[in-house]
Structure formats: structure tokens, C-alpha cells
Amino acid sequence: MQGEFTEHTVQQMTVHHTAAELTNNSRAPALARQHQRYHQDSGWPDLAYHFLVDAKGNVYEGRPVWARGDTFTSYDPTGHFLVCAEGHFDRHSIPAAQVAGVVDVLAWAAVEYGVSAATIAGHRDFASTTCPGDNFYPMIADGSLRAAVEARIADGAPTLSIWCGPEATARVAEIEAGG
Ligand SMILES: [Zn+2]
């Protein structure tokens, strides 16, 4: 049985990784679906996160932002906007295009929900986990991710447009073909 969404108000932004190696980005949509199914099989209504970002910076919608996220760890995700980079960044480095995609999502969310880039943190700041990985977390700890988000907002924050129906199916097929 699947859980229900719980409403919340975004007050801060938290970065994750999937902790599943993504060595070939053509597998990104399949892995995204696999994570969603696993989380739903765990009793949650949808993927734990609001957005996923693949190695090439493509952004995938997870659960609605108005709904609180979920976690297997001990922190309370109420109020957290959750963006998750696909990959295992204890094991491999994060591609620049993926960082750029995460920056876009965070800049969009900061403007859309009126939260400061100063609230950006990593999952490990709240719970006993290495998430979002030793090769990604330093960008959060040293403030460089925050600075990139602030610069992106100053440039004019990105808009996220939702792709649906045949257009989305075609785009996913392109990604799965290596595009
Ligand atoms: Zn995490």
C-alpha cells in the first residue's frame, strides 16, 4: 500500500545523490523509474525527492514540491526542497554538466519558493549518511555550489518547463539512445 502525500512549505534546499553508480547516462531514465518504484514499494507515494538530475544535466520531476519528501534516514524532510543527483559520488566524480543541472534546479527553486541559496545543505548535514558523496559534498561545504546558484539567479533564474505526452516520450528515447 502506498503512503499519502503530506503538504509542507519549502524553507530550505537539500542535495542528495542516488548512491547508485551511473556509468552510462542512457540508463538514467530507467534508473529514475527504478528508484521511484523502489520508493513506492517502500510505502511512499512517489520518489522520495522533488527532482532528479542525470549526468548530462537533464532534470526529471519527482514528487510534487508541495509534498514533503521521504527518507530512510533519521532527519525530518519537512520544509526541505529535495534535489537528487543520479550517481554514486563516493565512487566517482560528478560531471560538470550534472552540477550545472543541479545549479539550475536550485536557482529555479530559490526564486520560485523564496528561499535563500544560503540554505543549501547536503543530506549528511542532517543525518548519518555520506550522501551526496565525498566527491560532491565539498562543493556544498565550501560554498561554491551556493555561489554558483547565486550567480545563476543574478543571470536570470532558469525556468523549468514540464515536458509531457509524446514530446516527453521522444525526449526520454533520445536520452536512452545516448543523446
Ligand atoms: Zn541523501
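1. Valine 59 is partly exposed in this predicted model. The count behind that label is 19 other C-beta atoms within 10 Å, and a residue is called buried at 20 or more. Valine 59 belongs to strand β3, which covers residues 59–61. Setting aside residues up to four places away in sequence, valine 59 touches Phe51, Val53, Gly101, Val105 and Leu160. Valine 59 can also be placed relative to glutamine 98: the two are 39 residues apart in sequence, and their C-alpha atoms are 9.3 Å apart in space.

2. The next point is the sheet that holds β3. The sheet is open and has five strands, in the order β3-β2-β4-β1-β5, with mixed pairing. Strands β3 and β5 (121–122) stand at the edges with a single partner strand each, so one side of each has no neighbour in the sheet.

3. Some of the pairings can be followed residue by residue. β1 and β4 run parallel and are joined by six bridges; threonine 14 has leucine 82 of β4 as its bridge partner. β2 and β4 also run parallel, joined by three bridges, and leucine 52 stands opposite cysteine 84 in β4. β1 pairs with β5 in the parallel sense over two bridges, with glycine 122 of β5 as the bridge partner of valine 15.

4. How much of β4 is buried? Six of its six residues are, so β4 is largely enclosed by the rest of the structure. The cover is on both faces: His80, Leu82 and Cys84 are buried on one side, and Phe81, Val83 and Ala85 are buried on the other. Beyond its neighbours within four places in sequence, valine 83 is in contact with Val15, Tyr49, His50, Phe51, Val53, Val102, Val105 and Leu106.

5. Helix α2 lies across β1, β2, β3 and β4, and runs at about 165 degrees to β4. The helix has 18 residues and reaches 25 Å from its first C-alpha to its last, close to the 26 Å expected at 1.5 Å a residue. Its buried residues include Gln98, Gly101, Asp104 and Trp108, and the buried residues of α2 pack against β1, β2, β3, β4 and α4. After the helix comes glycine 114, with a positive phi near 65 degrees.

6. Is it buried or exposed? Valine 102 counts as buried because it has 25 C-beta neighbours inside 10 Å. Leaving out neighbours within four places in sequence, its contacts are Val15, Val53, Val83 and Ala85. By way of reference, valine 102 and glutamate 7 are 95 residues apart along the chain, and their C-alpha atoms are separated by 24 Å.

7. Helix α2 also packs against α4. Two packed helices are described by the angle between their axes and the distance between those axes. For α2 and α4 the angle is about 65 degrees and the axes are 9 Å apart. The crossing is right-handed. On the α2 side the contact is made by Val103, Asp104, Leu106, Ala107, Ala110 and Val111, and on the α4 side by Ala148, Val149, Arg152 and Ile153.

8. The largest nonpolar core has 38 residues. Which of them touch the most other members? They are Tyr49, Val83, Val102, Val105, Leu106 and Val149. The elements that give two or more residues to this core are β1 (12–17), α1 (28–41), β2 (51–53), β4 (80–85), α2 (96–113), α3 (137–141) and α4 (144–154). Helix α2 gives the most, with eight residues.

9. Helix α5 (residues 165–176) should be read against β4. None of the twelve residues of α5 is buried, so α5 lies largely in the open, whereas β4 is largely enclosed. Helix α5 reaches 17 Å from its first C-alpha to its last, close to the 16 Å expected at 1.5 Å a residue. Just after α5, glycine 178 takes a positive phi of about 100 degrees.

Technical notes
Residues numbered from 1 in each chain as written. Predicted model: local features only at pLDDT ≥ 70, side-chain atom pairs only at ≥ 80, totals over all residues. Core = buried A, V, L, I, M, F, W, Y, C linked by C-beta atoms within 7 Å. Helix = DSSP H or I, 4+ residues; strand = E, 2+ residues; numbered from the N terminus. Contact = placed C-beta atoms within 7 Å. Pairing = 2+ DSSP bridges. Expected span 1.5 Å × (residues − 1). Axes fitted to C-alpha atoms, helices over the stretch in contact; angles between N-to-C directions. Left-handed = near helix turned anticlockwise from the far one by under 90°.
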